[in-house]
Amino acid sequence: MTRLETGTPAPSFTLTSDKGETVSLGDFSGRKLIIFFYPAAMTPGCTKEACDFRDSLEPLRAAGYDIVGISPDSPAKLAQFVTKESLTYPLLSDESKETLEAYGAYGEKKLYGKTVVGVIRSTFVIDEEGKIEVARYNVKATGHVASLKKALGLSE
């Protein structure tokens with residue numbers, strides 16, 4: 001399974017957003033981007049993580065970061081999630097799981113002591129030149145955003 005490391009080019013993607021728009025990695029060229037991969041919209045852990053990003057959006061944007069969330073959910077389900085949780089950044093649909101796999105965010109993982117295949121909760125920070133600045137795999141939904149902000153020097 002692919003594991004991305006600091007300094008490697010971020011895999012390109014073109015996906016459909018919760019608004020039905022096409023969004024590509026190239027759309028963020030020249031800007032810093034945080035991508036978080038999560039298993040499923042409207043589940044407790046994913047809701048916690050998505051809301052933490054929503055609640056941290058202003059300091060992250062002030063520091064020059066854009067945010068997108070990516071899951072294998074359909075654009076219609078993502079639209080429901082955005083509305084229900086008042087999310088203020090794009091969610092992207094990767095139903096084919098090609099982008100998840102390219103980032104190493106899909107594969108075998110432990111779930112309640114069993115090995116299963118699925119989305120590996122992961123977060124990546126991509127610099128202005130499209131290179132991986134931070135790659136974190138198997139992150140916890142709770143406390144992850146605060147930990148990321150601290151790593152980026154943005155702690156309160």
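Contact here means heavy atoms within 4.5 Å. Helices (H or I, at least four residues) and strands (E, at least two) are DSSP runs, numbered from the N terminus. A residue is called buried under 20% relative accessible area, exposed over 50%, and partly exposed in between (1.4 Å probe, protein chains only). The model is predicted, with local features requiring pLDDT of at least 70 and side-chain atom pairs counted only at pLDDT 80 or more, while totals for chains, interfaces and linings use all residues. Residues are numbered from 1 along each chain as its sequence is written, and side-chain values use heavy atoms, with hydrogens and water left out.

Helix H5 spans residues 144–151, and its buried residues are His144, Val145, Leu148 and Lys149. These residues line one face of the helix, because they fall within an arc of 135° when H5 is seen down its axis; the arc is that of the directions from the helix axis to the C-beta atoms. The exposed residues Ala146 and Lys150 are carried on the face of H5 turned away from the buried side. Packing of the buried residues of H5 is against E3, H1, helix H2 (57–62), E8 and strand E9 (132–136). After H5 comes Gly153, which has a positive phi, near 75°.

A nonpolar core is defined as a set of buried Ala, Val, Leu, Ile, Met, Phe, Trp, Tyr and Cys residues joined through side-chain atoms within 4.5 Å. The largest such core contains 23 residues, and Ile34, Phe53, Tyr89 and Leu91 have the most contacts inside it. Two or more residues are given to this core by each of E3, H1, H2, E4, helix H3 (75–85) and H5. With residues up to four places away in sequence not counted, Phe53 touches Ile34, Phe36, Leu60, Ile67, Tyr89, Thr123, His144, Val145 and Leu148. Another core, of 21 residues, lies apart from the largest one and includes Val23, Phe28, Val68 and Ile126.

Helix H1 also contains Thr47, which is buried at a relative accessible area of 16%. Neighbours within four places in sequence aside, Thr47 is in contact with Met42, Phe81 and Glu85.

Side chains of opposite charge can pair when their charged atoms come close. A salt bridge is taken as a side-chain nitrogen of Lys or Arg within 4 Å of a carboxyl oxygen of Asp or Glu. By this rule there are 5 salt bridges. One of them joins Arg31 to Asp66, with the closest N and O atoms 2.6 Å apart. This pair links distant parts of the chain, 35 residues apart: Arg31 is in the loop between strand E2 (22–24) and strand E3 (32–37), and Asp66 is in strand E4 (residues 65–71). Arg31 is partly exposed, with a relative accessible area of 39%, whereas Asp66 is buried at 17%.

A salt bridge is also formed by the side chains of Arg121 and Glu49, at 2.7 Å from N to O. Here too distant parts of the chain are linked, 72 residues apart, with Arg121 in the loop between strand E7 (114–119) and strand E8 (122–126) and Glu49 in helix H1 (residues 44–55). Arg121 is buried at 14% relative accessibility, and Glu49 is buried at 0%. Arg54 forms a salt bridge with Asp55, in which the closest N and O atoms are 2.8 Å apart. In that pair Arg54 is partly exposed, with a relative accessible area of 24%, and Asp55 is exposed at 53%.
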